[in-house]
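Reader: I would like a close look at a single part of this protein. Please start with one residue, then show me what lies around it.

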Amino acid sequence: MLYLDHAATSPVRPEVLEAMRPYLTGVFGNPSSHHTAGEAAASALEDARARVARVLGMRAGDVIFTAGGTEANNLAVKGIALAALARERRHLVVSPIEHESILESAEYLRRFHGFDVTEIAVDAPGRIAPEALREALREDTAVISLGHANNEIGTVQDAAALTAVARAAGIPLHLDAVQSAGWIALRDLAADAMSIAGHKLGAPKGIGALAVRGRVPLEPLLHGGGQERGRRSGTENVAGAVALATALDLADAEREAVSATVGAATARFIAAVLAGVPHAELTGDADHRLPATASFTFAGTSGEAVLLELERRGVISSSGSACAAGSDEPSHVLLACGISAEVAQTSVRFTFGREPLPEDAPVRLAALVADAVRAVSA
């Protein structure tokens, strides 16, 4: 079975399991406890925090460990926005292709706290123009929250240009880097906040982080014992934090070589699919995209039917985001990119892992895709 749904989740790396094992067994203390066992756990937690901060280009004190990317995005959007209410700021900016955790957080702020929400339009490949962001900003804008790389179509934003616009306006910019972490260098982006999730990198599900620069006020969502410097109460997941730091370190060390190798294989796969499958269309930006993502529409088919045929042929892929549980609606990302609802429901996403594939694998895989599309088109 060939697993091509790494954007949804990846297997835990053996090195990560080994790194976290001691903190599930012998070094099990509560890091808030003032005894030897607790201090050992606290030391491991702070080491993990410093390692995550290094890769993100932040200070160790900026890093808040969370239960995953969804919580990190919620904390960024709601936490920064609610803290800005003291300065009479009640406006936030997102785009229509964001992950549901950003869009639903914005909707929560609109319904319960009276925020105005501006969604910046994207172009057909899913890119945001810096000028469009500049025009969307207001004097009362509290936060801008945008995905660095889209989880469905793989389009990568010009983060440097968008950050420059936000900095010039004096407005915090949060980047959802859940998909880009491990594939794109993050330490020089200069965003005010960034979210990551461990299970996209080879760590277990249930651990993530939000890094927020110290100058940005943040209202906590979880109240209690004041852990994570008062920004996220609750006993910390020490083993998870160690796992996240280890997976992020490994991915960052391998990033340039792996991105080049996987990106070349993905490019061969895209070319073979477009050449061999009638009516196949690549979604997302052909040039500014994640190295491991290839997303297509196959007009005249059903995306779900194509997925079933692919699985019969030993290929596991997806129809888009794994986060809209149980939804059979057309992708909001594809609709925002100008694709009709009918065609959007034919989408299939292939996301490769970091392991090298045989040289002929992209072409063989494309042939299986062509077979699956023919089977549902007959």
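Author: Glycine 29 is buried in this predicted model. Its relative accessible area is 11%, and the cut-off for buried is under 20%, so glycine 29 falls in that class.

Where does glycine 29 sit? Its place is in a loop. That loop runs between α1 (14–20) and α2 (36–56).

Next, the contacts. Leaving aside residues up to four places away in sequence, glycine 29 touches Ala37, Gly38 and Ala41.

Helix α2 lies across β2, β7 (193–197) and β8 (208–212). It runs at about 115 degrees to β2.

The sheet itself is open and has 7 strands. Their order is β2-β8-β7-β6-β5-β3-β4, with mixed pairing. At the edges are β2 (63–66) and β4 (116–119), each pairing on one side only. From one strand to the next, the twist averages 20 degrees.

Strand β3 (residues 91–94) pairs with β5 (residues 141–147) in the parallel sense. The two share 3 bridges. Valine 93 has isoleucine 144, in β5, as its bridge partner.

Another helix also lies across the sheet strands. Helix α3 (residues 69–84) lies across β2, β3, β5, β6 (173–176), β7 and β8. It runs at about 160 degrees to β5.

Conventions: Residues numbered from 1 in each chain as written. Predicted model: local features only at pLDDT ≥ 70, side-chain atom pairs only at ≥ 80, totals over all residues. Heavy atoms only, no water. Helix = DSSP H or I, 4+ residues; strand = E, 2+ residues; numbered from the N terminus. Buried < 20%, exposed > 50% of the residue type's maximum accessible area, 1.4 Å probe, protein only. Contact = heavy atoms within 4.5 Å. Pairing = 2+ DSSP bridges. Axes fitted to C-alpha atoms, helices over the stretch in contact; angles between N-to-C directions.
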